[in-house]
Amino acid sequence: MNVYAIRAIYTAELGRTWRTLFQSIASPVLSTALYFVVFGSAIGSRMQAIDGVSYGAFIVPGLILLTVLTESVSNASFGIYLPRFTGQIYELLSAPVSAVEVIAGFVGAAATKSVILGLIICATARLFVPFEIVHPVLALLYLVLISATFALFGFILGLWADGFEKLQIIPLMVISPLTFLGGTFYSIDMLPGVWRQVALFNPIVYLIEGFRWAFYGISTLAPLISLALTFGMLVLCSAVVVWIFKTGYRLRT
Amino acid sequence: MTTILAIERLNKTYDNGFVALKGVDLSISSGEIFALLGPNGAGKTTLIGIVCGLVRASSGKVTVDGNDIAIDYRKARQTIGLVPQELSTNQFETVMDALRFSRGLFGKAPDPGHLERILRDLSLWDKKDERIGALSGGMKRRVLIGKALAHEPRILFLDEPTAGVDVELRRDMWEMVRRLREQGVTIILTTHYIEEAEDMADRIGVIDQGELMLVEEKRALMRRLGQVHVTIGLTQKLDAPPENLSGAKLDLSPDGMTLSFTQKGQDCDAALAALLKTLVTEGIEFRSVNSERSSLEDIFIDLVGRRR
């Protein structure tokens, strides 16, 4: 195991975060704070509590994931796409590193950043609405798992994309809408019959429900299903990445 | 000399059907400077790419210091440093960070002293904290060399290292190549400047259309394929070229004032000396002697041109 390589990639990737600190951390935090002002404080005060949780607190887990999911995907995808675009990838390809080490470095850094963001957003939310986390350790573990899974997904996206447009399109056009419709702002029980069934096809629903369960112990779906689904996605993404490195797809001619 | 790089029956056909390499065999000895010459698209970069892990070979075998690049890729790649043709660097990183990254990526423990030596050798020490984006093109190329040397490789690949580099930097760079060779580093380079290959290399390989046409020690190559053209200016007009002068075929210019001959292959200097001696004993006076040696470039153009 080339530990020095993992550390080098990890440090360089996090270095990118510090260099672009404002864009990396400040802007997601700012937009989340705006959500809390609008939905938490302003509108939330006129909404009734859902399953005994005030509306302002109810939306916290979903809002955290809204940022964490899109940031994990876009950070990891950008991290690997940029060297491909500039040609710097030559160094990675000529280095004595295995797929596992490369992934550990890139995905690890992207996930770390997402987790930090998640925690910052959680703390920011606490300034606007009072809430207690029922299972804090599980919530943190789940946050790490989700961050890693989506960073891995982003890594695949960054390998597949052949232009900046494709890089933007998935987080913007797929992840973000699915999270909005995935029960960030409502419980899927509030949806009329058919739409509830449709919502169950949205994988993000399970993530938000699972994360909310870790926060407040309430969920319309079994938390274990959420966990199993997240693990399933992690395994699937890992398999795809290993295949990419084995075949050299989009990496080696 | 031990073999540090062995290439056997290497073939590469790209997905679009382009055949870049056709059964290349090549063996590089430890500590030598090997220059790979060839026109654009000849397969130089593909060959380097396969050895360094950027390109997958279609068939064939490559071993670096006894390690198969496909099986023992870690050991093989740790031995190699690559300076690519394109100036691809992270513009936002500092010079020092870039070298630190490279060293780590190749699995070496941090060694600030070593990195400092490299940067000083490359005259980059005072730029170590600058962002690469702020450096000139020549400086960026030095950074790439520094990155390639950061993990103390035993083989250094330089793919067109002096393309677009000014004269001074080019001289510095060759100075560094010589120093590296003294430290025992094997250097394999491609270049368009054939004089450089002539000046620097121990051995020359000529590649064209994916085939390695020849690999030879530079001196032997120059001796075998080189030729000397001598012109002798006379003080008095001659009516006919003197005959049987040391066996060389002499040509007389129309005005009868200049003798010339071309000597191929064997030792040209001895032939010239013998001729001059004969001229003196024959009483033919001359006022100038001019000899032109064919360069590697002439040899190269002749070799490649013959196939067109």
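In the predicted model, the contact between the two chains draws 29 residues from chain B and 27 residues from chain A. Together, chain B and chain A bury about 2,400 Å². Carbon and sulfur atoms account for 56% of this area. On the chain B side, B:Arg56, B:Arg74 and B:Leu105 contribute 27% of the area buried against chain A.

Two salt bridges are counted between chain B and chain A. One salt bridge joins the side chains of A:Glu101 and B:Arg74, with an N to O distance of 2.8 Å. Three elements of chain B each give two or more residues to the side that touches chain A: helix H2 (73–78), helix H3 (95–105) and H5. By residue class, this side of chain B comprises 14 nonpolar, eight polar and seven charged residues.

Helix H5 of chain B (residues 137–149) also packs within its own chain, against helix H6 (residues 167–182). The two axes come within 11 Å and cross at roughly 10°. An angle under 35 degrees counts as roughly parallel, so H5(B) and H6(B) are roughly parallel to each other. From H5(B), the contact involves B:Gly138, B:Arg141, B:Arg142, B:Ile145 and B:Leu149. H6(B) contributes B:Leu169, B:Asp172, B:Met173, B:Met176 and B:Leu180. Six residues of this helix–helix contact are nonpolar, one is polar and three are charged.

Technical notes:
Residues numbered from 1 in each chain as written. Chains lettered and ligands numbered in written order. Predicted model: local features only at pLDDT ≥ 70, side-chain atom pairs only at ≥ 80, totals over all residues. Heavy atoms only, no water. Axes fitted to C-alpha atoms, helices over the stretch in contact; angles between N-to-C directions. Helix = DSSP H or I, 4+ residues; strand = E, 2+ residues; numbered from the N terminus. Parallel < 35°, antiparallel > 145°, perpendicular 65-115°, else oblique. Contact = heavy atoms within 4.5 Å. Nonpolar A, V, L, I, M, F, W, Y, C, P; charged D, E, K, R; others polar. Buried area = accessible area lost by both parts, 1.4 Å probe. Salt bridge = Lys/Arg side-chain N within 4 Å of Asp/Glu carboxyl O.
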